[in-house]
Amino acid sequence: SRSMHIAIDIDGTITDHPEFYRRLMHSWCEANYVVHILTARRERERPETLDLLGSLGFGQVLYEHDIKMHMYPHEYPWPWAEEEGVRIKQQHAAWKAEMCVKEGISVLYDDCPLNIAACVAVGVYAIHVPRMKGVVA
């Protein structure tokens, strides 16, 4: 049987409870599940994003288990104007759903209801994690 692929969002998910997700990721990898990080952070922000994950204690688990991090490949203004926010979030949601299908993701953990709805619409089981804190910049 194919390994289960699980994806986790960063902002509002990993950032809200890093220890929980670090332990989960480690356990899943030990069970031979394939773990992905799926974030709408822009690809050009990869170095800062890796620094953030390192500061949250994810450095070892990322390298030990070769966890893939998929980042949004297109540009968008940040911070975005409020009237633009919904359109940009919808684009992110469509991209996350597309990536879940492309990567064979079985389960997505994410804090954004638009992402959850987009993934469920393409047959991906998505767990909504209600946001506990503000965005970690």
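1. Let's start with N115, which sits in helix α5. Helices here are DSSP runs of H or I with at least four residues, strands are E runs of at least two, and both are numbered from the N terminus. This is a predicted model, where local features need pLDDT of at least 70, side-chain atom pairs count only at pLDDT 80 or more, and totals for chains, interfaces and linings use all residues. Residues are numbered from 1 along each chain as its sequence is written, and side-chain values use heavy atoms, with hydrogens and water left out.

2. Is N115 buried or exposed? N115 has 6% relative accessibility, so it counts as buried. The cut-offs are under 20% relative accessible area for buried, over 50% for exposed and partly exposed in between, with a 1.4 Å probe and protein chains only. Leaving aside residues up to four places away in sequence, N115 touches K89, H92, A93, K96 and D110; a contact means heavy atoms within 4.5 Å.

3. Now the rest of α5, which spans residues 113-121. As background, an α-helix has 3.6 residues a turn, so residues three or four places apart point the same way.

4. What do the buried residues of α5 pack against? Their partners are α4 (82-103), β4 (107-110) and β5 (125-128). On the face turned away from that buried side you'll find the exposed residues P113 and A121. After α5 comes G123, with a positive phi near 85 degrees.

5. Zooming out, the protein has 5 helices and 5 strands, in the order β-α-β-α-α-β-α-β-α-β from the N terminus. Of its 137 residues, 47% are buried. Take the contacts between residues at least 6 apart in sequence: 67% of them join residues at least 24 apart.

6. On overall dimensions, the radius of gyration is 14 Å, which agrees with the value near 14 Å for a compact globule of 137 residues. That radius is taken over C-alpha atoms, and the globule rule is 2.2 Å times the number of residues to the power 0.38. Along the principal axes, the C-alpha atoms fill a box of roughly 45 × 35 × 25 Å.
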